[in-house]
Amino acid sequence: AAPGSAGGVNGPPAVVSRAVDLVLFFCIWGEAANLRHTSECLWFLYHKMMEEYAGCEGYTQTRSLYAGHYVDHVVSPIVTILQKSMKSKADHQEKRNYDDFNEFFWSRSCLQYHYSTSPPNENGDDVENNMMRPLNSETANSMSISQALETAPKTFLEKRSWLRGILAMNRILEWHVVTFYLLAVIAFSRHLVWGWVYSLQVASGVFWLFNVLYIIWDLIEVWSVYPGIQLAPTSICGSVFTLTARFFILSYQTLYLMWTFGPKQSNNFGIVADSSFWWWQYIWLSVLCMIPYLVRCQMY
């Protein structure tokens, strides 16, 4: 192939590369059938087929596989495994679903399997045999991905409860709780003729709500995945530290907010200060607590 071309496609290298990526993925997705529910599997196929495509680059293609080769040797064997599992009469704790098949591809070990049931061929120098050569991390005796999926264990252990629905909709629920609180503050402020300072102090209670909801979602998530999930010790320590720190901050937020609406002059922890002082302590602590929340919002 000429410089700046890929498989006979001419143009700037960056444009050609993106075009090849898109065309290959849409070719995979277009014939994927129910594999579209297993996004990780699609990306595995894309990774393997792009690697094979790159290995064939520079050859003059004189022959193509028959029209149904991809469906017969790649899609159908995997879909057959999915159908067999979905039709199983076992309970959900033993029955593998799409989550289990997706989680199979979370490990780098999946790269040792060949994407097609057509066995790799280590012999031959022409393009026909080069297309079937073992890819990186594979051998001539590598199992196909459909064979590996057939013997893969169940990894996603689901707990059936209304709490799972709450966890799945936590952002929507959080939005409704927070907006209801702020709108209620505005309504009471106008009806009871609060001053703007007092209204602002009451509205700042939304930071306390954010922290409480964050803790609730984390606790529900821990309940939903324990003990079926396998976590590294560092992940466990990080989760425990986060929850402990949140509880600690919530305790002080509660105290500071309570003292904000207490007597104008009060002695707390040996500190004599007015309500404004405690409100500002609450604000600085809440801003510190909101930083991870804002970072996570940006990530999503």
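Helix axes here are lines fitted to C-alpha atoms over the stretch in contact, and angles run from 0 to 180 degrees between N-to-C directions. Helices are DSSP runs (H or I, at least four residues), numbered from the N terminus. All views show a predicted model, in which local features need pLDDT of at least 70, side-chain atom pairs count only at pLDDT 80 or more, and totals for chains, interfaces and linings use all residues. Residues are numbered from 1 along each chain as its sequence is written, and side-chain values use heavy atoms, with hydrogens and water left out.

**View 1. Helices α8 and α10 pack against each other.** Look for α8 (residues 170–191) and α10 (residues 205–225), whose axes lie 10 Å apart at an angle of about 160 degrees. That makes the pair roughly antiparallel (over 145 degrees). Contact (heavy atoms within 4.5 Å) involves residues including L173, V177 and Y181 of α8 and L209, F210 and W217 of α10.

**View 2. A152 sits in the loop between α6 (145–151) and α7 (162–168).** With a relative accessible area of 13%, A152 is buried (under 20%). Not counting residues up to four places away in sequence, A152 touches R96 and F104. The C-alpha atoms of A152 and F104 are 7.4 Å apart, although 48 residues separate the two along the chain.

**View 3. F105 belongs to the largest nonpolar core.** Such a core is a set of buried Ala, Val, Leu, Ile, Met, Phe, Trp, Tyr and Cys residues joined through side-chain atoms within 4.5 Å. This one has 31 residues, and F105 is among those touching the most other members, as are F104, I145 and L149. Leaving aside neighbours within four places in sequence, F105 contacts E40, C41, F44, C110, I145 and L149.

Technical notes:
Helices (H or I, at least four residues) and strands (E, at least two) are DSSP runs, numbered from the N terminus. Angles under 35 degrees count as roughly parallel, over 145 as roughly antiparallel, 65 to 115 as roughly perpendicular and the rest as oblique. Buried means under 20% relative accessible area, exposed over 50%, partly exposed in between (1.4 Å probe, protein chains only).
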